[in-house]
Amino acid sequence: MTSVLDQASVVAPTPAGANRGVRRPLMAVVAVGLLLVFWELVKVLVPENGVSIAGVRVLPRTDDGALPHVWSVLAALTEPEVNVAGARSVGAAIASSGLFTFGLAVLGFALGTVVGLVLAVAMQRFVWVERSVLPYVIVSQTVPLIALAPLVAGWGGKIAIGGYAWQPWMSITVIASYLAFFPVAVGMLRGLRAPDRAALDLMHSYASGWWTTLVRLRLPASVPHLIPALRLAAAAAVIGAVVAEISTGTTGGIGRQIIVFSQQATGDASRLYAAVLGAAVLGLVVTGLVSLLDIALGRYAGRSPGRKDRS
């Protein structure tokens, strides 16, 4: 029985799996390079005052106050944050705040992943759970995050866990997990249902219980669906953390840094764009960490157990 179950759950390694770990970072670098080239093309081709048709602006302004050059943004990273001797540079400030947000985003991503996985397994196991929970899971994503963040912070301020008062960073983590759990729950649920009927009948014919079928068949089958969902969840966790920092006014994170630099961007928006660039890099880093999991589970990423290889 064990050997048959092994045959039902093992997926042949995919030769392309090892190349994905190298190809995707290169594609990300190329995408960033193309974005920077497009940025400078806009500066060259679009007039500084933008383009208006019948009094309606259809293309934005491209003067340095609205859209600085790429090299101006990079140069701003070396400028002192404040005009005080020994002050840290703008780049150091963005790196420090980005590290703070990184920790909160990772915590939110981990919490959201756990919640999403538990919900997916419960919905797959019990039909009544799916029918009662899934509609609310979908509707939850229609709530504007910028309005939800202050509510979570306000509710959290009235909570004490084990005698410890609720901290502002906890609200940011909860909001980040709120965005992260949805793609994990939906992607995992789809993956748990990926095996075809023949594979499930094989497990049933050998009197395999629900748990054995889950571990030996459904979980390996869910990997090709789970990995993309985790990437979306990682990016959503970063977005949730940054927006929550901006909405709640929490200091220390890159969201707050964006507010500070936007208030300083009267004649030169280089610092503001540098902070936004830092947030974008943060998202790439968190998403890149998920790629390590993709490499580790590469043997399952090509096709699902129980499905014929159509390549």
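Tutor: Let's start with a definition: a residue is buried under 20% relative accessible area, exposed over 50%, and partly exposed in between, using a 1.4 Å probe and protein chains only. This is a predicted model, in which local features need pLDDT of at least 70 and side-chain atom pairs count only at pLDDT 80 or more, while totals for chains, interfaces and linings use all residues. Residues are numbered from 1 along each chain as its sequence is written, and side-chain values use heavy atoms, with hydrogens and water left out.

Student: Thanks! Is Ala 194 buried or exposed?
Tutor: Ala 194 sits in the loop between helix 7 and helix 8 (197–205); helices here are DSSP runs of H or I with at least four residues, strands are E runs of at least two, and both are numbered from the N terminus. Its C-alpha is 6.7 Å from that of Ser 222, although the two are 28 residues apart in sequence. With a relative accessible area of 3%, Ala 194 is buried.

Student: Which element of the protein chain has the highest mean pLDDT?
Tutor: pLDDT is the predictor's confidence in each residue, from 0 to 100. The chain averages 81, and 86% of the residues score at least 70. The lowest mean among the elements, 41, belongs to helix 1 (residues 2–9), while the highest, 93, belongs to helix 4 (residues 90–125).

Student: How many contacts beyond four places in sequence does the model have for residues 303–311?
Tutor: Where pLDDT is low, the predicted coordinates should not be read in detail. Residues 1–17 stay under 50 in pLDDT, and the model has 30 contacts for them beyond four places in sequence, a contact being heavy atoms within 4.5 Å. Residues 303–311 also stay under 50, and their count is 20.

Student: Which helices are included in what covers the buried residues of helix 6?
Tutor: The side to look at carries residues such as Leu 148 and Val 152, which are buried. The cover over the buried residues includes helix 7 (168–192) and helix 9 (210–248).

Student: Which backbone oxygen does the side chain of Lys 43 reach?
Tutor: Lys 43 lies in helix 2 (residues 15–45) and, at 13% relative accessibility, counts as buried. Beyond four places in sequence, it touches residues including Asp 63, Asp 64 and His 69. Its side chain comes within 2.8 Å of the backbone oxygen of Thr 62.

Student: What kind of pair do the rings of Trp 210 and Trp 211 form?
Tutor: Rings of Phe, Tyr and Trp (its six-membered ring) pair if their centres lie within 6.5 Å; planes under 30 degrees apart count as stacked, over 60 as edge-to-face and the rest as tilted. By this rule there are 3 aromatic pairs, one of them Phe 126 with Trp 128, with centres 6.1 Å apart and planes at 45°. Trp 210 is partly exposed at 31%, whereas Trp 211 is exposed at 58%. Their centres are 6.2 Å apart and their planes at 50°, so this pair is tilted.

How values were computed: Polar contact = N/O pair within 3.5 Å; in protein donor to acceptor, adjacent residues only side chain to side chain.
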